[in-house]
Amino acid sequence: MEDKISVNTEKWWKSAVVYQIYPRSFADSNQDGIGDLQGIISRLDYLEHLGIDAIWLSPVCRSPQDDNGYDISDYQDIDPMFGTLKDMEELIEEAGKRHIRIIMDLVLNHSSDEHPWFQEAKKSRENPYHDYYVWRDGAAGEFPNDMRAAFGGSAWEWVPGVEQYYFHQFSVKQPDLNWENPKLRQEIYDMINFWIEKGVGGFRLDVIDQIAKDPDRRITCNGPRLHEFLQELSRETFQKADLVTVGEAWGATPELAKLYSNPDGSELSMVFQFEHICLDQMAGKEKWDLAPLPFGKLKEVFGRWQTQLYGKGWNSLFWNNHDLPRIVSRWGNDKAYRVESAKMLAILLHGMQGTPYIYQGEELGMTNVRYEMEEYQDIETLNVYQERLKKGYAKEEIMCSIHAKSRDNARTPMQWDGGENAGFTAGIPWIRVNSNYREINAAAQLEDEDSVFQCYRTLICLRKEYPVFVEGEFQMLLEEDETIFAYTRTDQDSQLLVICNFYDKTVNVPLEEQAFAGKLLISNYKDVERKMVLRPYEARMYWMGNRP
């Protein structure tokens, strides 16, 4: 594999763009209605044309699929719905030929209850695998404490055979692993090294900030031994190869992120932090409790992460993933200005410092879906519907929240063309295709020079051409402006200006005209009518300096 990918000792992932694939919904090769590895292989030329450097693959390991693969029963095998281990090896090889690395999604906080470890663990307290999980004494019906699981209900589940409760932060079928046990940790390191030897280019680590949990003190995120565990994990695995590693860390702050992404490489390359993503919900409430986006706060959050990590860590840049609604429906305008707002959001994000992540279909401006309740598949969505009905919420209010925030918004099949099932499958798709696929699809956008796809492709090219994208220092402009998001990125010999109208009203730009003296690299309108005026969702990127 190494002869097909040139190794950049200057941390290749700093100038890279990563594309996330949700395999179940990307491309179906055997027409069973479920996406698979061979389907991904068949679309690698499309991704090469887009220009991405790596594919983050949502979980494909063997799993009962209680939580769509985030409940793993065998870390060293591929789930039959996606293919075989041989298919995975072929994907790594074929992607490598196109200079694309494969980033695997690892779930190290918990396993499936069908994993052989847990099957042994629940046999007796003396079983050597019992201590691979988190157990507490108790009596049936008397929980160790009142902790709740993220998907609803108690975080404790009684096992009569051992007369103990096991701890699960998510589904009851996802028992938490006990990282205090060094034997468990070594099993994990051996498994990761197995995949490194297969040639993967990195790992995304699911809820990694929760592995050092202490349920007796009600600590789930950022437990006392977290960074000790991460440093040992890195030494025993990641530092043995030229990898990118990104941890999902909902509780991260800039200070914590400096530890996670320390330039010395002692832990991870970067983390996914979600501070910006949690802004459109009521303070102190759940994501389902909708609130308008506080635009000023959005700018403050981005600015703080950009400035505080500069030279001390590394940002990940994203709007979307498999757990989040489509950004063009969330903070853009998926009706009259879908194309313009999708491009604006792309330009705004890709000009910042960090590694951009594109979620499948984002490069097409794919939108949220409005299913009837019986069409939803996501366990979290199904649970919140029942919980809120019991609490007395009106069905219309619950559905409004689900339409806005359900994880299934991101999981509808990829829209390849205007044919049957959007070209995803000739079978019956596991979840219904969004009905707007005839208007929004890859085939049409590849032929359109002014499409959302072409905007993303240009942004990826610019990142590789202009060093200021990687190392330039960030400065927010017009901090108090309630409509415009503007900033500069400056290195020793050039400057990038990004200016975006975040809303659907035409506005005047309160900057000096000389600010626009540079070369226009990209915009989301075909022409710039008046430099000092921004049309609805208009975005521009200027560059001034010596040619790199």
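The side chain of Asn 181 reaches the backbone nitrogen of Lys 183 at 2.8 Å, a polar contact in the sense of a pair of N or O atoms within 3.5 Å, where within protein one must be able to donate a hydrogen and the other to accept it, and residues adjacent in sequence count only if both atoms are side-chain atoms. The model is predicted, so that local features need pLDDT of at least 70 and side-chain atom pairs count only at pLDDT 80 or more, whereas totals for chains, interfaces and linings use all residues. Residues are numbered from 1 along each chain as its sequence is written, and side-chain values use heavy atoms, with hydrogens and water left out.

Asn 181 is placed in the loop between β8 (164-167) and α5 (182-198); helices (H or I, at least four residues) and strands (E, at least two) are DSSP runs numbered from the N terminus. With a relative accessible area of 6%, Asn 181 is buried, where buried means under 20% relative accessible area, exposed over 50%, and partly exposed in between (1.4 Å probe, protein chains only). Residues up to four places away in sequence not being counted, Asn 181 touches Asp 131 and Tyr 132, contact meaning heavy atoms within 4.5 Å.

A polar atom of the Asn 501 side chain lies 3.1 Å from the backbone nitrogen of Tyr 503. Beyond four places in sequence, Asn 501 touches residues including Met 344, Thr 483, Leu 534 and Tyr 537.

Ile 347 belongs to helix α10 (residues 338-350) and, at 0% relative accessibility, counts as buried. Its contacts, leaving aside neighbours within four places in sequence, include Cys 455, Leu 459, Tyr 487, Val 498, Ile 522 and Met 541. The C-alpha atoms of Ile 347 and Arg 463 are separated by 11 Å, although these residues are 116 residues apart along the chain.

The aromatic residues come next. A search of the whole structure finds 38 aromatic pairs; rings of Phe, Tyr and Trp (its six-membered ring) pair if their centres lie within 6.5 Å, and planes under 30 degrees apart count as stacked, over 60 as edge-to-face and the rest as tilted. One of these is the edge-to-face pair of Tyr 46 and Trp 416, at 4.9 Å centre to centre and with 80° between the planes. Because Tyr 46 lies in helix α2 (residues 44-50) and Trp 416 in the loop between α12 (395-405) and α13 (442-446), the pair ties together parts that are 370 residues apart in sequence. Tyr 46 counts as buried at 10% relative accessibility, and Trp 416 counts as buried at 3%.

Phe 516 and Tyr 542 have ring centres 5.3 Å apart and planes at 70°, so this pair is edge-to-face. The pair links distant parts of the chain, with Phe 516 in the loop between β17 (507-508) and β18 (519-523) and Tyr 542 in strand β20 (residues 539-545), 26 residues apart. Both Phe 516 and Tyr 542 are buried. Elsewhere, ring pairs link Phe 295, Phe 302, Trp 319, Trp 331, Phe 474, Phe 485, Tyr 487, Phe 502 and Tyr 503 into a cluster.

Charged side chains also meet rings. Arg 101 lies over the face of Trp 12, at 4.0 Å from the ring centre, and Arg 388 lies over the face of Tyr 393, at 4.5 Å from the ring centre. A charge sits over a ring if NZ of Lys or CZ of Arg is within 6 Å of the ring centre and within 35 degrees of the ring normal.

Val 207 has a phi near 30°, a positive value in a residue other than glycine; Val 207 lies in the loop between β9 (202-205) and α6 (226-236) and is buried, with a relative accessible area of 5%. Asn 222, placed in the loop between β9 and α6, has a positive phi near 55°. With a relative accessible area of 27%, Asn 222 is partly exposed.

The account ends with the largest pocket. On a 1 Å grid over the protein atoms alone, a pocket is an open set of points where a 1.4 Å probe fits, with protein on both sides within 12 Å along at least five of seven lines, and lining residues have an atom within 4 Å of a point. The largest pocket has a volume of about 1200 Å³, the volume being the space filled by probe spheres set on the points, which are joined across faces, edges and corners. The lining comprises 40 residues, of which Ala 150, Phe 151, Phe 170, Lys 287 and Glu 380 lie nearest the centre of the largest pocket. Helix α11 (residues 379-390) gives the most to this lining, with four residues.
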